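Here are a few exercises to work through with the structure open beside you. Try each task before reading its solution.

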Amino acid sequence: METDASFTEVDLQPEKIEDVKDEGEKFHCDLCDKEMVHKIALILLEGLSTACVDNTTGDIFRSPGTVAAEIRKEMLEYLNNRTHFFVAESLILDGNLEEEISDQPSDLISDFIEDFTGFKRNLLSRVSGWLLSELRDERIDDFVQEMELNSFWLLDRREAVAQKLLKNVDFKNEFHCKMKFKSEAELERHRLQCGFRTVLCENEGCNATYSAAHTEKHDSVCPFKLLPCEQKCPQTLLRQEMDKHCITVCPMKPVNCPFYSIGCKATVPYCNIKQHITDDVRFHLRFALMYLHKGALAEDLRSRAEQIEQECIDRLVGIQSVRNFTNTVKDLDSKFGPFKVIKKQEITGDVTQNSESEKLVSQDSSAGNPKKSESREPSVELQKSGPPESVGKDAERSEEKKLDSGENS
């Protein structure tokens, strides 16, 4: 492959339309949107690679590198003619086009290059399903890298071509400046303030360049921009480090309360965990009692919680381990003696009615058959007495295991 030393004149002269200069305004500002120019420059190299690969597919005598210089010249001539007629057609047929024309010059140039590559495909690439193969994409990417390594078409020269093609298709003047001046001094003063002048990002560590009009846009996404922490901690850090900071070391990152496993669903900043534990110790006491006495009514727990709060709440303040907290509540609870736990039951109209019927039957049975009534009494007493002591201890050990697993998680 030849290097860029064989650069042809057509590279530097793709634009054949010359602006009609007014007699009084001979100095034109030629600045363009840098981002758009760079985007078109990348499209040019990829388009050339595509045309060369498709043109030599299955050819044992030619490779993409052997035809690159010739196809580049043909492509630039084609693009020059297409952009020239595009301006004329757009001005004449404005409002009568069946298809909507893109406002992005890069899209227009890409469409023109796609048409050109279609003309350069050989017979094999047209009929073999080559266009849809992954191998084609790989070869196109490989040839792009080969041209860059061999400096076949340097970026600055592609950007010079892209700038002229951009002016051809941007007839709305949205991506290049069309200001004209009577003197060179006026032109130079304008360039210092032109929205299309190239500027360097002011954020330390960022080497990005862009048109001045895009300063705000770049600043909103620049990874080197210094920003205050999104979670309102005192630190200031780079935008690119923000996510990692917020989910790892930020003192204001939201975390679950240590007593989440026994019922506290509060989410608090990491640095405020101790304060939350101290301020909400009474709520955590009630959660612990509910955990220890499953099925108890709120009235029963409220009275027991008030007893513990009045006499020994200080023993619970500052305990951060849910296991230690629950065990301490259990010890304090036992010092006040047992209290009757009323199991929660869903009472429906049918259940109430059945219960009344059972009472009537029981009364009738007692009157007519005393022995049968006596045989029913033990089962009633067994139901009131609750589960055997051994069953209660097994349930208690099971709950402790669940508590341990919740704390470890």
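Helices here are DSSP runs of H or I with at least four residues, and strands are runs of E with at least two, both numbered from the N terminus. Keep in mind that this is a predicted model.

**Exercise 1. Overview**

Task: Find how many helices and strands the protein has, and what share of its residues is buried.

Solution: 
- Step 1. Counting by that definition gives 17 helices and eight strands.
- Step 2. Buried means under 20% relative accessible area. By this cut-off, 33% of the 409 residues are buried.
- Step 3. Now look at contacts between residues at least 6 apart in sequence: 62% of them join residues at least 24 apart.

**Exercise 2. A helix pair**

Task: Work out how helices α2 and α4 are oriented to each other: roughly parallel or roughly antiparallel?

Solution: 
- Step 1. Two packed helices are described by the angle between their axes and the distance between the axes.
- Step 2. For α2 (residues 34-55) and α4 (residues 105-120), the angle is about 10 degrees and the axes are 9 Å apart.
- Step 3. Angles under 35 degrees count as roughly parallel, and α2 and α4 are therefore roughly parallel to each other.
- Step 4. Look at the contact itself: α2 contributes residues including Ile40, Ile43, Leu44 and Gly47, while α4 contributes, among them, Ile109, Ile113 and Phe116.
- Step 5. Sorted by type, the contact residues are nine nonpolar, six polar and three charged.

**Exercise 3. The largest nonpolar core**

Task: Identify which residues touch the most other members of the largest nonpolar core, and which element gives the largest share.

Solution: 
- Step 1. The core has 37 residues, and those touching the most other members are Leu44, Leu48, Met75, Leu79 and Trp153.
- Step 2. Two or more residues come from each of α2, α3 (64-92), α4, α6 (134-149) and α7 (155-169).
- Step 3. The largest share is that of α2, with ten residues.
- Step 4. Take Leu44 as an example: leaving aside residues up to four places away in sequence, Leu44 touches Met75, Leu79, Ile113, Trp153, Arg158, Val161, Ala162 and Leu165.
- Step 5. Another core, of 24 residues, lies apart from this one, and its members include Val268, Tyr291, Leu316 and Val329.

**Exercise 4. Positive phi**

Task: Locate Ser151 and Asn173, and describe their phi angles.

Solution: 
- Step 1. Most residues other than glycine have a negative phi.
- Step 2. Ser151, in the loop between α6 and α7, has a positive phi near 50 degrees. Its relative accessible area is 32%, so Ser151 is partly exposed.
- Step 3. Asn173, in the loop between α7 and β2 (180-181), has a positive phi of about 60 degrees. Asn173 is also partly exposed, at 37% relative accessibility.

Terms used: Residues are numbered from 1 along each chain as its sequence is written. This is a predicted model: local features need pLDDT of at least 70, side-chain atom pairs count only at pLDDT 80 or more; totals for chains, interfaces and linings use all residues. Side-chain values use heavy atoms; hydrogens and water are left out. Axes are lines fitted to C-alpha atoms, for helices over the stretch in contact, and angles run from 0 to 180 degrees between N-to-C directions. Angles under 35 degrees count as roughly parallel, over 145 as roughly antiparallel, 65 to 115 as roughly perpendicular and the rest as oblique. Contact means heavy atoms within 4.5 Å. Ala, Val, Leu, Ile, Met, Phe, Trp, Tyr, Cys and Pro count as nonpolar, Asp, Glu, Lys and Arg as charged, and the others, Gly among them, as polar. Buried means under 20% relative accessible area, exposed over 50%, partly exposed in between (1.4 Å probe, protein chains only). A nonpolar core is a set of buried Ala, Val, Leu, Ile, Met, Phe, Trp, Tyr and Cys residues joined through side-chain atoms within 4.5 Å.
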